[in-house]
Amino acid sequence: MMMYRKYIYISCEKATLLWCKKAETDLNVNEAIRLRFHLFCCKSCAQFAKQIVFIEGKLIDLLQNRAEFKLSPSKKAEIQQMMNDE
Amino acid sequence: MLEPKKWVERYGDPLFSFAYLRLKNRTLAEDIVQETFMAALAAAPHFRGECQEKTWLFSILHYKILDCFKNAKKNNFLELNDQFSSYYFDEKNFNHWLADKKPKRWQMDHDATEKKEFYVILNACLNKLPDLMSHIFIAKYLKEESPDIIQQKFEVSASNYWVLLHRAKLGLRACLEKFWFKQ
């Protein structure tokens, strides 16, 4: 077992990097196995992975849906008026 | 086929949030969006339909924002150095988490994190990131651009892109833990 561990061992830095990468692209088999093994053994990185998924959901909500990121109705009306006048 | 009369209603909000997040100034962002629509209207006869209306408007806005940055000499992108990762990981311990930087358990209570205050903190944390990192986040989560497009646009290599994204997420997570989840 120890012998195999040596081959699939990665640091927390590498594991968190792979987790971020995994959200956007496919990992190769080697990376995927190493990451899965690491997350199984490391509570901190498992916590990190869970929290990043949560943050991504909140970021999408913040950037796409929250009122503070929308044009005010008065500004919309002003721009529309200017465009109609052109 | 362009439909200028529907632009403000269709694209006003996404263009504004893109500009606001990059410029971090509401009035300036509103003005840039207005300029974008007016420039697009003037350029409409030359639109060849090689891309979607939305993409075209975003690219005009993108150049308007770049001009704005050039004028303000504000574009101070982060250099990729190793100090960032040694802030979280212990080089003397095989790059595992530093004891005081290990992610703690969060109470991800749905009601609490739906409050406006949570989004204020999240936005503040996003603004605290170095420019390049927050711009990449915006391109990714607001414009939903693919990694290839983002790498091209910001002229970063694939490996630097993953490193930047990793660091941005580490920074954002740590900031939220400090200012929201520690309460």
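Predicted model: local features only at pLDDT ≥ 70, side-chain atom pairs only at ≥ 80, totals over all residues.

Student: What makes Cys125(B) and Cys175(B) a disulfide?

Tutor: The S to S distance. Their sulfurs are 2.1 Å apart, and the cut-off is 2.5 Å. Therefore the pair counts as a disulfide. The structure holds 1 disulfide over all chains.

Student: Which parts of the chain does the pair link?

Tutor: Distant ones. Cys125(B) sits in helix α6 (residues 116-128) of chain B, and Cys175(B) in helix α9 (residues 158-181) of chain B. They are 50 residues apart.

Student: Is Cys125(B) buried or exposed?

Tutor: Its relative accessible area is 3%. Buried means under 20%, so Cys125(B) is buried. Cys175(B) has 11% relative accessibility, so Cys175(B) counts as buried too.

Student: Why is Cys51(B) called partly exposed?

Tutor: Its relative accessible area is 33%. Under 20% would be buried and over 50% exposed. The value of 33% falls in between, so Cys51(B) is partly exposed.

Student: Now the charged pairs. How do you know that Glu56(A) and Lys169(B) form a salt bridge?

Tutor: Their closest N and O atoms are 2.5 Å apart. The limit is 4 Å, so the pair qualifies.

Student: What makes Lys76(A) and Glu9(B) a salt bridge?

Tutor: The N to O distance is 3.9 Å. That is within 4 Å, so the pair counts. Lys76(A) belongs to helix α5 (residues 73-85) of chain A and Glu9(B) to helix α1 (residues 7-23) of chain B, so two chains are joined here.

Student: Which of the two partners is buried, and which is exposed?

Tutor: Lys76(A) has a relative accessible area of 13%, so Lys76(A) is buried. Glu9(B) has 59%; that is over 50%, so Glu9(B) is exposed.

Student: Why does the salt bridge of Glu177(B) and Lys104(B) tie together separate parts of the sequence?

Tutor: First the bridge: the side chains meet at 3.9 Å, N to O. Glu177(B) lies in helix α9 of chain B and Lys104(B) in the loop between β2 and α5 (110-113) of chain B, so parts 73 residues apart in sequence are tied together. Glu177(B) is buried at 9% relative accessible area. Lys104(B) is partly exposed at 39%.

Student: How many salt bridges are there over all chains?

Tutor: A search of the whole structure finds 16. Some form a network: Glu3(B), Lys6(B), Arg10(B) and Glu53(B) are linked by salt bridges.

Student: On to the rings. Why is the pair of Phe47(B) and Trp56(B) called tilted?

Tutor: The ring centres are 4.8 Å apart and the planes stand at 55 degrees. Centres within 6.5 Å make a pair. Planes under 30 degrees apart would be stacked, and over 60 edge-to-face. So 55 degrees makes the pair tilted. Phe47(B) and Trp56(B) are buried.

Student: What makes Phe137(B) and Tyr141(B) edge-to-face?

Tutor: Their planes are at 75 degrees, with centres 5.4 Å apart. The angle is over 60 degrees, so the label is edge-to-face. The two are 4 residues apart in helix α7 (residues 131-141) of chain B, about one helical turn. Phe137(B) is buried at 1% relative accessibility, and Tyr141(B) is buried at 4%.

Student: Which residues do ring pairs link into a cluster?

Tutor: Phe54(A), Trp106(B), Phe118(B), Tyr119(B), Trp180(B) and Phe181(B).

Student: Last, what is the predictor's confidence in chain B?

Tutor: The mean pLDDT of chain B is 82, and 90% of its residues reach 70 or more. Over residues 73-82 of chain B, the pLDDT is below 50.

Key
Residues numbered from 1 in each chain as written. Chains lettered and ligands numbered in written order. Heavy atoms only, no water. Buried < 20%, exposed > 50% of the residue type's maximum accessible area, 1.4 Å probe, protein only. pLDDT = per-residue confidence, 0-100. Contact = heavy atoms within 4.5 Å. Phe/Tyr/Trp six-rings, centres within 6.5 Å; stacked < 30°, edge-to-face > 60°.
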